[in-house]
Amino acid sequence: MNHLEPASQSRQQQIFTVTRLNSAVRMILEQDLGLVWLTGELSNLAMPSSGHWYFSLKDMSAQVRCAMFKGNNRRVPFRPQDGMQVLVQARVSLYEPRGDYQLIIESMQPAGDGMLALRFEELKRRLGAEGLFDEGRKRPLPREPRAVGLVTSATGAALHDMLTVLERRAPDLPVFIYPTQVQGSAATAQIVSAIMLANRRAEVDVLIVGRGGGSLEDLWCFNEEAVVRAIAGSAIPVVSAVGHEVDVTISDFAADLRAPTPSAAAELVAPDRRTRAQRLEHLRQRLTQAMSRHQVAARHGFVLLQKRLDHQDPKRRLEQQSQRLDELDRRLQQHLRDRLHQGERRLAGLAMRLQARSPEKRLAIGKRRHQLAEERLHALIAKRQDLARHRLAMLGARLDGISPLATLGRGYAIVRTPSGEVIRRASQVNAGQTLVTTLAEGALRVRVDEVDNR
């Protein structure tokens, strides 16, 4: 019995109310995920009088509900509309009263300017998860290279700067140039082909892949997955030298070494008497990368702590209550509309019933019934007349069959006395008596001359 009591107590400790469960899930979502960037199409945009915005963000196969409170949407520099593509920064949260998963939008901008940055972060995260940027994959540069290869534009200033540095630091070092475009749609395939060509020929010990500075769009070919994988898969150590020191591309993370400029890359690969200084520079590079990683981790921890602090902020509770108020207002409006529609339908039903009981309609129905009864009466009279005529004809035929006139028509006659007595025997008549003989047509008065009683 004692063994069962702790288990029962443990089960009781795991029983959640719906409110507690939704609150716990919301805290997990907000604390673990933090701020996220995503892009999509606006739909079902609603802007109630409270000033908050409610909408859905969707792509080809999914959608998610979003809320942007007026304290944040006031900073949006454009008027959002359904069907607009946007880039948003949001907190993943849960609307506790309904248990709906939703995003709390912190900022919004039109898709376009932010799309490249979003693609940059997504590809960097995905390739980093594959291990392409691991420090264990990076190889040291040869201290005394036999030859150096340059993958860059044949007409760019970067090539001139690198050749100048190599000529100054190591004039006897052979240099092989693999010309390629470093900007535009065709640049990606040409850079990959140049790196593969250098690996097939195996005529250099180190490759410098880069170009001069430019905008994010100008440098984008060095953020393409094909170029990044070609650099990571190169059998020859690669130095990434794209743009200026502030420019960062995904190729920098895949390369064995990142140089802040093309000129600096030439200095890193060219042997120099000041080897110690070069090693110190390399250590500085590694220290910079380690500090960068440490800063990223510290920033991530700070964001998590900030989110936990925001969870306790009355502003968040106010946002939740404000969203709840908007939801109740919407339901009240819908209830009022439903009641109004019910009243309209009931009024229409009563009007139809009143119309059905109106004297005019009942009088019309009575007239119609009278008309039908009159028609039936006339039809019945006509039928009775036809039956009477038929019966009269039959009786006439029967009467004709027994009528004396029919007998008279065959040549017989009826003899009567002037008083109307029918003479059936000769003994009823005396000689000299006057009799009336009725024929089929007309009658005769005759005098009896002689009576024969035989």
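Author: Start with a term: two strands count as paired if DSSP finds at least two bridges between them. Keep in mind that this is a predicted model. With that term, strand S11 and strand S12 (residues 434-438) are paired in the antiparallel sense, over 3 bridges.

Reader: Which residue stands opposite Thr 437 in S12?
Author: Val 415 does.

Reader: What holds paired strands together, in general?
Author: Strands in a sheet pair through backbone hydrogen bonds, and the pairing is either parallel or antiparallel.

Reader: What is the order of the open sheet of 3 strands?
Author: The order is S11-S12-S13, and the pairing is antiparallel. Strand S11 (414-416) and strand S13 (443-447) are the edge strands; each has a single partner strand, so one side of each has no neighbour in the sheet. Neighbouring strands here are turned against each other by 25° on average, with direction ignored.

Reader: Ok, other strands. What does S1 pair with over 7 bridges?
Author: With strand S4 (residues 85-95), in the antiparallel sense. Within that pairing, Gly 40 has Val 86 in S4 as its bridge partner. S1 is also joined to strand S2 (residues 53-58) by 4 bridges, and these two run antiparallel. There, Ser 43 stands opposite Ser 56 in S2.

Reader: How many residues lie between S1 and S2 in the hairpin?
Author: There are 6 residues between them, and Gly 51 in the turn has a positive phi of about 95°.

Reader: Which residue other than glycine has a positive phi near 55°?
Author: Asn 44 is one of them, with phi near 55°. Asn 44 sits in strand S1 (residues 35-46).

Reader: Is Asn 44 buried or exposed?
Author: Asn 44 is exposed, with a relative accessible area of 59%. Ala 202 also has a positive phi near 55° without being a glycine. Ala 202 is in the loop between H6 and S8, just after H6. Its relative accessible area is 48%, so Ala 202 is partly exposed.

Reader: Since you mention H6, what span should its 15 residues have?
Author: At 1.5 Å a residue they should span 21 Å, and the end C-alpha atoms of H6 are 21 Å apart, which agrees.

Reader: Which residues of H6 are buried?
Author: Ala 187, Thr 188, Ile 191, Val 192, Ala 194, Ile 195 and Ala 198. Looking down the axis of H6, these buried residues fall within an arc of 155°, so they line one face of the helix.

Reader: What do the buried residues of H6 pack against?
Author: They pack against S6, strand S7 (175-179), S8 and helix H7 (225-232).

Reader: New topic, charges. How many salt bridges are found in the whole structure?
Author: The search finds 17 salt bridges. The general idea is that side chains of opposite charge can pair when their charged atoms come close.

Reader: Which side chain meets Asp 205 in a salt bridge?
Author: That of Arg 146, at 3.0 Å from N to O. Asp 205 is in the loop between helix H6 (187-201) and strand S8 (206-211), while Arg 146 is in the loop between helix H4 (113-130) and strand S6 (148-152), so the pair ties together parts that are 59 residues apart in sequence.

Reader: Where is each of them, buried or exposed?
Author: Asp 205 is buried, with a relative accessible area of 18%. Arg 146 counts as exposed, at 53% relative accessibility.

Reader: And which side chain does Glu 203 meet in a salt bridge?
Author: The side chain of Arg 201, at 3.6 Å from N to O. Glu 203 counts as partly exposed, at 21% relative accessibility.

Reader: What about Arg 330, which side chain does it meet?
Author: Arg 330 meets Glu 327 in a salt bridge, 2.8 Å from N to O. They are 3 residues apart in helix H11 (residues 314-356), which puts about one helical turn between them. Arg 330 counts as partly exposed, at 45% relative accessibility, whereas Glu 327 is buried, at 13% relative accessible area.

Key: Residues are numbered from 1 along each chain as its sequence is written. This is a predicted model: local features need pLDDT of at least 70, side-chain atom pairs count only at pLDDT 80 or more; totals for chains, interfaces and linings use all residues. Side-chain values use heavy atoms; hydrogens and water are left out. Axes are lines fitted to C-alpha atoms, for helices over the stretch in contact, and angles run from 0 to 180 degrees between N-to-C directions. A salt bridge is a side-chain nitrogen of Lys or Arg within 4 Å of a carboxyl oxygen of Asp or Glu. Buried means under 20% relative accessible area, exposed over 50%, partly exposed in between (1.4 Å probe, protein chains only). The expected span of a helix is 1.5 Å times one less than its number of residues. The arc is that of the directions from the helix axis to the C-beta atoms. Contact means heavy atoms within 4.5 Å.
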